[in-house]
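Colleague: Please take a close look at a single part of this model and describe how it packs against its surroundings.

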Amino acid sequence: MTFWILAPIMVAAALGILFVRKAVHAALLLAVVMISLAFLYAVMDAPFLFAVQIIVYTGAILMLFLFVMMLIGVDAADSTVETIRGQRVMGVVLGLVFGTVLVIGISQVTLGTVVGLDDANEGGNVPAIANILFSRYVFAFEATSALLITAALGAMVLAHRERLTPKATQADMAAQRMRDYAEHGKHLGPLPSPGVYARHNAVDTPALLPDGTAAESSVSRVLAARGTVRSAPALADDIDDVRRQLAGLDGSGDPAAMPETSGKAGAPAHTEEDVK
Amino acid sequence: MLSAILFTIGCVGVLTRRNAIVVFMCVELMLNACNLAFVAFARQHGNLDGQITAFFVMVVAAAEVVIGLAIIMTIFRTRRSASVDDASLLKY
């Protein structure tokens, strides 16, 4: 019963990992698969593995994935360019063939009756596992501990970074800034602040340049990568709508009081309106 | 059967995705599918060896994830990219 509820959820989530664009969404779908697996373990008389699955996989491994994703940057999107031609199609075809062979092969096998773990789990699942683990598999267990120590050490060695150059002081940074200005003409001062408007005053609204276009450098790069930046001219359109309604109520229909909303021609008027 | 389907999906994921982290997640998916088969067969045959094996697979997977993510981070630091296509230095 539990199996038939969880199996479609797991397959759907696993397929979702293949198709979502962002790595964070893939990690969340993987969490769904792993928690469902934990419940399947609980149903299949494996309470110890149920706990270990939740603690180790969803607790530790997925958190590690999310931490690394934060370090690498959430905006590191997947490129859709194929470097090997036809590789994606070949991958899908090979996967389908492999899956078909596997499913057909498994369906040929007759499994016999399920013995069940009631005898083996007598006196509790955890003591029974401990009995086997520390008698028959004790060398494997010791090797595992050696493996874990090696892994921890390896991670420390790989993630450690020696400082090769001295830390840049404030004077160095100022000199670098002047050099950038001399060589590339980069603006010396701080970046422009985001737009301050009558109805929207937030870091996701870009400031407007004198010609009415949005200043890209005034919003954070991360927000731009996430695609959550508001468009300031669109906000100005709202204001123009209100003005048009007011003008319609007056009945005067004075074209001078109602600047053009579409095209570049109207843009400077928006700017003036917004900066106030 | 479910285990086979999940394993296949993981396999396709490894073959098609470009982001190293997502490829890694698909490897995890394949390991989990194997674990599911182990636990199911432990119940089928009525002894706990399958569960022990699944436990060892989990330990190895944890160690593997730690090292793999550290390698991905190191590559990202030197290349500023998490795509598997850019890590082709060993080719030449």
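This is a predicted model: local features need pLDDT of at least 70, side-chain atom pairs count only at pLDDT 80 or more; totals for chains, interfaces and linings use all residues.

Modeller: On the α2(A) side, the residues A:A23, A:A26, A:A27, A:L30, A:V33, A:M34, A:L37, A:L40 and A:Y41 meet B:I21, B:V22, B:M25, B:E28, B:L29, B:N32, B:L36 and B:V39 of α2(B). Sorted by class, this contact of α2(A) with α2(B) holds 15 nonpolar residues, one polar and one charged. The two helices span residues 23–43 in chain A and residues 20–45 in chain B, and they pack at an angle of about 10 degrees with their axes 11 Å apart. An angle under 35 degrees counts as roughly parallel, so α2(A) is roughly parallel to α2(B).

Helix α3 of chain A, residues 47–72, also packs against α2(B): the axes come within 12 Å and cross at roughly 175 degrees. That angle is over 145 degrees, and α3(A) and α2(B) are therefore roughly antiparallel to each other. From α3(A), the residues A:L49, A:I61, A:F65, A:V68 and A:M69 meet B:I21, B:M25, B:E28 and B:V39 of α2(B). This contact of α3(A) with α2(B) divides into eight nonpolar residues, no polar and one charged.

Among contacts in chain B between residues at least 6 apart in sequence, 40% join residues at least 24 apart.

Key. Residues are numbered from 1 along each chain as its sequence is written. Chains are lettered from A and ligands numbered from 1 in the order in which they are written. Axes are lines fitted to C-alpha atoms, for helices over the stretch in contact, and angles run from 0 to 180 degrees between N-to-C directions. Helices (H or I, at least four residues) and strands (E, at least two) are DSSP runs, numbered from the N terminus. Angles under 35 degrees count as roughly parallel, over 145 as roughly antiparallel, 65 to 115 as roughly perpendicular and the rest as oblique. Two residues are in contact if their C-beta atoms, placed from the backbone, lie within 7 Å. Ala, Val, Leu, Ile, Met, Phe, Trp, Tyr, Cys and Pro count as nonpolar, Asp, Glu, Lys and Arg as charged, and the others, Gly among them, as polar.
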